Amino acid sequence: MSNGTQQKFSVDLSQLESLVCPCGSTLYQKAHEIKRVPALLSPTGKSAVIWVEVGAVCCACGSFATMQQISETEKQIKLVETTEVDS
Ligand SMILES: [Zn+2]
């Protein structure tokens, strides 16, 4: 049973590029959509909600950063990880 082993890798965060908002801020909060699950579809038989992470909003101006923009950053982190394993 492997449930996505969290590989640890050491990266100097100061070396990584931050996602920069057009307003200049690099601080973001996660943004979620809240999906309603009707009782009929819910495993518990009770209506519920599911939080779906859809992106992030800038803490300074509230601009929305899409998952695509964020995954560009994640790609770079993966790249660093691969390089580390390689050496
Ligand atoms: Zn902003």
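Author: A residue is buried if 20 or more other C-beta atoms lie within 10 Å of its own, exposed if 12 or fewer, and partly exposed in between, with C-beta atoms placed from the backbone. This is a predicted model, where local features need pLDDT of at least 70, side-chain atom pairs count only at pLDDT 80 or more, and totals for chains, interfaces and linings use all residues. Residues are numbered from 1 along each chain as its sequence is written.

Reader: What makes β1 hardly covered?

Author: The count of buried residues in β1 is zero, among 10 residues. Across the protein, 3% of the 87 residues count as buried.

Reader: Why does V49 count as exposed?

Author: V49 has 11 C-beta neighbours inside 10 Å, so V49 counts as exposed. The limit for exposed is 12 or fewer. V49 lies in strand β2.

Reader: Which residues does V49 touch, leaving out those up to four places away in sequence?

Author: V49 touches I34, K35, R36 and V37. A contact needs C-beta atoms, placed from the backbone, within 7 Å. P38 is 11 residues from V49 along the chain, and their C-alpha atoms are separated by 8.4 Å.

Reader: What is called a helix or a strand here?

Author: Both are DSSP runs, numbered from the N terminus: helices are H or I with at least four residues, strands are E with at least two. Along the sequence the pattern reads β-β-β-α.

Reader: How do you know that β1 and β2 pair?

Author: Pairing asks that DSSP find at least two bridges between two strands. β1 and β2 (residues 48–58) are joined by 10 bridges and run antiparallel. Y28 stands opposite C58 in β2. K35 stands opposite I50 in β2.

Reader: What makes β2 and β3 a pair?

Author: Three bridges link β2 and β3 in the antiparallel sense, and the cut-off is at least two. V57 stands opposite F64 in β3. The two strands form a hairpin with five residues between them, and G62 in the turn has a positive phi of about 85°.

Reader: In what order do the strands stand in the sheet?

Author: The order is β1-β2-β3, in an open sheet with antiparallel pairing. β1 and β3 (64–66) stand at the edges with a single partner strand each, so one side of each has no neighbour in the sheet. The twist averages 50° from one strand to the next.

Technical notes
Axes fitted to C-alpha atoms, helices over the stretch in contact; angles between N-to-C directions. Contact = placed C-beta atoms within 7 Å.
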